[in-house]
Amino acid sequence: MKKIETTTDATLVRQYLNGSEDALSKLINRHQQRIYNFIFSKVFDRDITEDIFQDTFIKVIRTLKRGKYNEEGKFLPWVMRIAHNLVIDHFRKNNRMPKFDNSGDFNIFSVLHDEDLNAEKLMVKDQIESDVRELIKELPEDQKEVLVMRIYKDMSFKEIAERTDVSINTALGRMRYALINLRKVIDKHNIVLTKY
């Protein structure tokens with residue numbers, strides 16, 4: 001009968017830090033399929049996926065050896081974040097950042113409202129949220145105000161109009177311009193807002 005693997009990631013990390021190379025290969029074997037598939041789903045190329053996969057674990061090993069790992073029990077999301085950043089570096093280096101699909105008004109934010117997220121998607125969602133927050137800072141004040149009220153405070157356009165002392169049409173117009181400008185900023189900075 002096959003022994004079921006019950007050692008937690010955190011225990012394996014500890015064992016590796018205490019000198020057990022075997023613990024590291026267990027960790028890599030345990031998660032390699034998820035991480036490999038995650039990278040491949042972004043780059044669609046086996047060779048590039050292999051390279052980024054290797055780089056991810058080189059970075060993981062270096063970080064562990066420097067004692068910089070402190071994500072207790074969150075090993076996989078941490079590795080996924082490293083892989084995600086390396087994918088973005090790869091696109092930046094090769095000047096082929098995938099363009100964000102801007103076909104609908106609120107799709108930039110659709111990902112921010114998905115409740116049913118696993119660890120890897122949550123990590124990407126956090127990345128997107130922080131990217132979007134940075135982008136919003138570049139908008140004109142009146143547009144930024146409407147956008148924040150609508151997306152982050154979930155206010156209706158009627159409430160926004162009353163709060164900002166403008167007509168509903170003006171509030172709608174500001175929201176529309178905010179989204180148009182946001183797209184321009186996304187294009188200007190070549191930002192990847194990952195969709196899954």
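Colleague: Is Glu141 buried or exposed?
Modeller: This is a predicted model, and the answer holds for that model. The cut-off for an exposed residue is over 50% relative accessible area. Glu141 has a relative accessible area of 57%, so Glu141 counts as exposed.

Colleague: Which residue does the side chain of Glu141 meet in a salt bridge?
Modeller: The two partners sit three residues apart in helix 7, which spans residues 141–152, and therefore about one helical turn separates them. The N to O distance is 3.4 Å, and the partner of Glu141 is Lys144.

Colleague: Asp142 forms a salt bridge as well; what is its partner?
Modeller: The closest N and O atoms of this pair are 3.5 Å apart, and the residue that pairs with Asp142 is Arg174. The pair links distant parts of the chain, with Asp142 in helix 7 and its partner, 32 residues apart from it, in helix 9 (residues 168–189).

Colleague: Is Asp142 buried, partly exposed or exposed?
Modeller: Buried means under 20% relative accessible area and exposed means over 50%, with partly exposed in between. The relative accessible area of Asp142 is 31%, so Asp142 is partly exposed.

Colleague: What is the N to O distance in the salt bridge between Glu162 and Lys158?
Modeller: Both Glu162 and Lys158 are exposed. Glu162 and Lys158 lie four residues apart in helix 8 (residues 157–164), which means that about one helical turn separates them. Their side chains meet at an N to O distance of 3.1 Å.

Colleague: How many salt bridges does the model have in total?
Modeller: The rule asks for a side-chain nitrogen of Lys or Arg within 4 Å of a carboxyl oxygen of Asp or Glu. Glu162 with Lys158 is one of the pairs, at 3.1 Å. By this rule the number of salt bridges is five.

Colleague: Which residues form the positive surface patch?
Modeller: Members of a patch need over 30% relative accessible area and must have no salt bridge. Lys59, in helix 3 (residues 46–65), has 40% relative accessibility and therefore counts as partly exposed. The patch consists of Lys59, Arg62, Arg66 and Lys68.

Colleague: Which residues gather in the patch of negative charge?
Modeller: One of its members, Asp55, is found in helix 3. Asp55 has 40% relative accessibility, so Asp55 counts as partly exposed. The negative patch on the surface gathers Asp47, Glu50, Asp51 and Asp55.

Colleague: What is the phi of Phe44?
Modeller: Most residues other than glycine have a negative phi. Phe44 lies in the loop between helix 2 (21–43) and helix 3, and Phe44 is exposed, with a relative accessible area of 62%. Although Phe44 is not a glycine, its phi is positive, at about 50 degrees.

Colleague: Which loop holds Asp165, a residue with a positive phi?
Modeller: Asp165 is not a glycine, and its phi is about 60 degrees. At 72% relative accessibility, Asp165 counts as exposed. Asp165 lies in the loop between helix 8 and helix 9.

Colleague: How far apart are the C-alpha atoms of Glu138 and Val185?
Modeller: Glu138 lies in the loop between helix 6 (119–136) and helix 7, and Glu138 is partly exposed, with a relative accessible area of 41%. Glu138 and Val185 are 47 residues apart along the chain, and the separation of their C-alpha atoms is 7.9 Å.

Colleague: What pattern does the protein follow along the sequence?
Modeller: The protein has nine helices and zero strands. Read along the sequence, the pattern is α-α-α-α-α-α-α-α-α.

Colleague: What share of the contacts joins residues at least 24 apart?
Modeller: A contact means heavy atoms within 4.5 Å. Taking contacts between residues at least 6 apart in sequence, the share that joins residues at least 24 apart is 60%.

Terms used
Residues numbered from 1 in each chain as written. Predicted model: local features only at pLDDT ≥ 70, side-chain atom pairs only at ≥ 80, totals over all residues. Heavy atoms only, no water. Patch = residues over 30% accessible without salt bridge, like charges linked within 9 Å, V, L, I, M, F, W, Y side chains within 5 Å. Areas by Shrake-Rupley, 256 points an atom, 1.4 Å probe, with all protein chains shown as cover. Lys, Arg positive; Asp, Glu negative; His and termini not counted. Charge placed at Lys NZ, Arg CZ, Asp CG, Glu CD. Helix = DSSP H or I, 4+ residues; strand = E, 2+ residues; numbered from the N terminus. Buried < 20%, exposed > 50% of the residue type's maximum accessible area, 1.4 Å probe, protein only.
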